[in-house]
Amino acid sequence: MTFAQHKLSQHGHAVYADARGYRPALDMHKQIRAKNIVTSSTNVEMVTADLGESSFQKLDFTSWLPFAAKDYIISPNPEDYVLVPVIAMPTDLPNRNGVGFPLKELAKWRPDDGMLAYQTFKGKPVHIEHDNQDYTKAVGVIVDTSLVPFVGYGGGLLWKLLLLLAIDRSKDPVYAGKVLSGDINSYSMGAWVESYSCGYCGSSASHNCGHINLRRPSDFYVLNNRLVFRSVHSIKGFECSIVADPAYVTAISDKLMSL
């Protein structure tokens with residue numbers, strides 16, 4: 001699915017931004033047996049297994065996975081999962097749907113959730129092709145999130161939102177196997193956003209700046225050698241999906257991992 005869906009609800013607009021995994025997936029079962037990963041009732045620690053980011057070296061999802069598993073109808077056993085880290089999006093740059101996620105919005109505190117906006121993806125379900133109306137159809141869960149700078153790009157102004165997905169091999173062995181083998185490496189996050197502004201001039205979408213118009217399906221074009229696109233505000237993650245074709249074509253994975 002390579003589009004941004006703008007569906008108004010009590011949460012705001014639903015926006016989908018597609019991406020790719022950035023590291024190979026890990027098989028949790030094999031990694032635990034090889035003692036590359038150590039698990040306990042409270043955390044998962046990467047001993048020699050590599051997820052590419054220091055923030056993913058110690059995870060707490062074993063403490064809450066049994067509770068999430070009951071609602072999502074997925075396995076409570078960490079060994080049943082394949083882990084894959086995904087670059088959900090680069091900050092401030094529009095995807096090919098013409099939607100950009102500002103760093104200041106991803107790093108904004110959400111009082112109702114008691115966490116930063118980018119952290120709201122943690123614990124949300126993983127679906128297939130955004131079939132997300134029923135969370136019992138989940139094939140996994142987002143076990144952690146991280147916001148880290150792009151090194152060597154953008155003069156230190158660009159960051160990347162990373163999501164660590166856990167795909168349940170016992171519920172969907174076909175998709176889990178394809179993720180582990182690398183045959184599938186395309187993902188897409190889903191988020192609620194409350195409003196938009198113009199990425200060209202900064203005006204709120206509620207004002208007619210002449211560059212963007214929410215009555216159109218999207219706004220994405222070049223004006224005076226600059227991109228016109230929609231910046232989103234008040235972000236709350238609600239899912240991530242395995243998809244056929246990503247919108248952020250530069251975010252490519254090179255490694256997979258499973259537990």
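Mentor: A residue is called buried when its relative accessible area is under 20%, exposed when it is over 50%, and partly exposed in between, with a 1.4 Å probe and protein chains only. Helices (H or I, at least four residues) and strands (E, at least two) are DSSP runs, numbered from the N terminus. The model is a predicted one, in which local features need pLDDT of at least 70 and side-chain atom pairs count only at pLDDT 80 or more, while totals for chains, interfaces and linings use all residues. Residue numbers start from 1 along each chain as its sequence is written, and side-chain values rest on heavy atoms, with hydrogens and water left out.

An α-helix has 3.6 residues a turn, so residues three or four places apart point the same way.

As for the length of helix 2, which runs over residues 61-72, its end C-alpha atoms span only 14 Å, whereas a straight helix of twelve residues would span 16 Å at 1.5 Å a residue; the expected span is 1.5 Å times one less than the number of residues. Just after helix 2, Ile73 takes a positive phi of about 55°. Most residues other than glycine have a negative phi. Positive phi values turn up elsewhere as well: Lys35, in the loop between helix 1 (28-33) and strand 4 (37-39), has a phi near 65° and is exposed at 66%. Ser234, placed in strand 17 (residues 230-242), has a phi near 55° and counts as partly exposed at 23%.

Rings of Phe, Tyr and Trp (its six-membered ring) pair if their centres lie within 6.5 Å, with planes under 30 degrees apart counted as stacked, over 60 as edge-to-face and the rest as tilted. By that rule there are three aromatic pairs. In one of them, the rings of Tyr72 and Tyr135 have centres 6.0 Å apart and planes at 70°, so the pair is edge-to-face. Because Tyr72 lies in helix 2 and Tyr135 in the loop between strand 11 and strand 12, this pair ties together parts that are 63 residues apart in sequence. Tyr72 counts as buried at 11% relative accessibility, whereas Tyr135 is partly exposed at 44%. Another pair, Trp192 and Phe238, is tilted, at 5.0 Å centre to centre with 35° between the planes. It links Trp192 in strand 14 with Phe238 in strand 17, 46 residues apart. Trp192 is buried at 16%, and Phe238 is buried at 15%. Ring pairs join Tyr16, Trp192 and Phe238 into a cluster.

Rings also meet charges here, and a charge sits over a ring if NZ of Lys or CZ of Arg is within 6 Å of the ring centre and within 35 degrees of the ring normal. The charged end of Arg226 sits over the ring of Tyr200, 4.2 Å from its centre, and Arg230 lies over the face of Tyr196, at 5.9 Å from the ring centre. Leu214, in the loop between strand 14 (186-198) and strand 15 (221-223), touches Tyr196, Ala205 and Arg230, with residues up to four places away in sequence not counted.

Strand 4 and strand 5 pair over three bridges, and Thr39 stands opposite Val44 in strand 5.

Terms used:
Contact = heavy atoms within 4.5 Å. Pairing = 2+ DSSP bridges.
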